[in-house]
Amino acid sequence: MSDKAILEYGGGRYEFPVIKGTEDELAIDIKTLRAATGMVTLDPGYKNTGSCESEITFLDGEKGVLRYRGYSIEDLAEKADFLEVAYLLIFGELPNKEQLEKFHNDIKEESQVDEEMKKILDGFPKSAHPMGVLSSLTSALVAFNPSCVDVSSELAMYNSIVRILAKFPVLVAWTMRKKKGLPLDYGDDSLGYVENIHKMMFKRPNQEYKRDSIAIDALDKLLILHADHEQNCSTSTVRIVGSSHAGLFASLSAGISALWGPLHGGANQAVLEMLEAIEADGGDTKKYMAKAKDKNDPFRLMGFGHRVYKNFDPRAKIIKKSADEVLGSLGIDDPILDIAKGLEKEALEDKYFVDRKLYPNVDFYSGIIYRALGIPTEMFTVMFALGRLPGWIAQWREMRLRKEPIGRPRQVYIGETLRSFVPLEKR
Ligand code: CMC
């Protein structure tokens, strides 16, 4: 096969290199397109555009494959813990014992958040959406850690990374505790990374914290499953903001805002609200299936469909199994799980969904587990952000180390051509 792609236009013939990834993905390298032809490409939603070369995450949407640094998501969800996966994503290899211990110790060293940050949190009404609060607090962290902006050395980069991995869970816990009216507290450095997160979120002021291994294991698995997903909307946002050298925390804050939307991470909240609405409406799943298929109705079956997965989302498979296990172990019989399973069964047999290759995605069952763990619905997307943190960091670090240029797409202008100014009195 030729390793060049030929473009013929307007009597000209142009050659562009075809590059091949390690999993045989092919791409036409059009870096010289505009200089050679004067043209740009047009690809709304970047459905066909590779924005970078990356060594972090591989996914094959047709085969339902997801791998972090070459390790299958099934293996990692089963055998690794979240901190190991974070290290793997960020630095490229699974850590040995010493590396993991050092990484964890470095994180613990940074696990304080400036007390002044509580005043910022105080300024938000209790009704504020936790994603807006989290994005603001992450941005505010810059002011308290100004050395994290200029990361020209790898050491400075490492320091910023351990700082945010340490402080972000505190912000997540504070965001939830504020919503629940609980006092804002710090973690316990004697605990594992995820156990500490669980304690920070759930410890009650007047009770001894009791280790809940079912909840901690479920949380660990969910965080791993959300940890990276190559160039999705929020990750692309983190990379593009970071490409202006805005700094890690500012880039992450932008990523959190991108994740918030219901077409992206916000879908987990939307799924649960949808399931609750169906239950309140008598459990008539057929009615909602019809609404989802009606082109005059804006309703979509939340938690279904994916830009890349056109077979199944491997994360959804693991989470569905986990939902059964967690609810079973906790002795919870949630009618919403039955509604979700009923909807899935109907959709998988429905021509509309089959033709469009719409399958349950990562968000379809995750909310059912979060709910069983006692996490409020509005916090679900925050939990997604907590899981995605190492992926965002890894992608940002890769972008900086590869010295990628500032992200700046082109456009095709379709507005008015030059016209004369009309004074106000004549308009
Ligand atoms: N319910 C009903 N119809 C749907 C749905 C859905 N959930 N998703 C896609 N379609 C239809 C869509 O109307 C279109 O139909 P037609 O070809 O007749 O116009 C066709 O399927 C293709 O959809 P699309 O919007 O062009 O596909 P996309 O790749 O641009 O969008 C998506 C992907 C995830 C935004 C979309 O499937 C969706 O809105 N799903 C619901 C929201 C959701 O669950 N999001 C979470 C995504 S996974 C977590 C993450 O990583 O963000």
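In the predicted model, the hairpin of strands E4 and E5 has four residues between the strands, and Gly64 takes a positive phi near 70 degrees there. Pairing of E4 with strand E5, which spans residues 65–68, is antiparallel and runs over four bridges. Within this pairing, Phe58 stands opposite Arg67 of E5.

In general, the strands of a sheet pair through backbone hydrogen bonds, in either a parallel or an antiparallel manner.

The side chains of E4 were examined next. Thr57 and Leu59 point one way from the strand, whereas Phe58 and Asp60 point the other way. Residues on both sides of E4 are buried: this applies to Thr57 and Leu59 as well as to Phe58 and Asp60.

A separate feature concerns surface charge. Lys47, Lys295, Arg300, Arg307 and Arg356 form a positive surface patch. Of these residues, Arg356 is located in the loop between helix H16 (351–355) and helix H17 (363–372). Arg356 counts as partly exposed because its relative accessibility is 39%, a value between the cut-offs of 20% for buried and 50% for exposed residues.

Note on methods. Residues are numbered from 1 along each chain as its sequence is written. This is a predicted model: local features need pLDDT of at least 70, side-chain atom pairs count only at pLDDT 80 or more; totals for chains, interfaces and linings use all residues. Side-chain values use heavy atoms; hydrogens and water are left out. Two strands pair if DSSP finds at least two bridges between them. Helices (H or I, at least four residues) and strands (E, at least two) are DSSP runs, numbered from the N terminus. Patches are made of residues with over 30% relative accessible area and no salt bridge: like charges are joined within 9 Å, nonpolar side chains (Val, Leu, Ile, Met, Phe, Trp, Tyr) within 5 Å. Accessible areas come from the Shrake-Rupley method with a 1.4 Å probe; for residues, only the protein chains shown count as cover. A salt bridge is a side-chain nitrogen of Lys or Arg within 4 Å of a carboxyl oxygen of Asp or Glu. Lys and Arg count as positive and Asp and Glu as negative; His and the chain ends are not counted. The place of a charge is taken as NZ of Lys, CZ of Arg, CG of Asp or CD of Glu. Buried means under 20% relative accessible area, exposed over 50%, partly exposed in between (1.4 Å probe, protein chains only).
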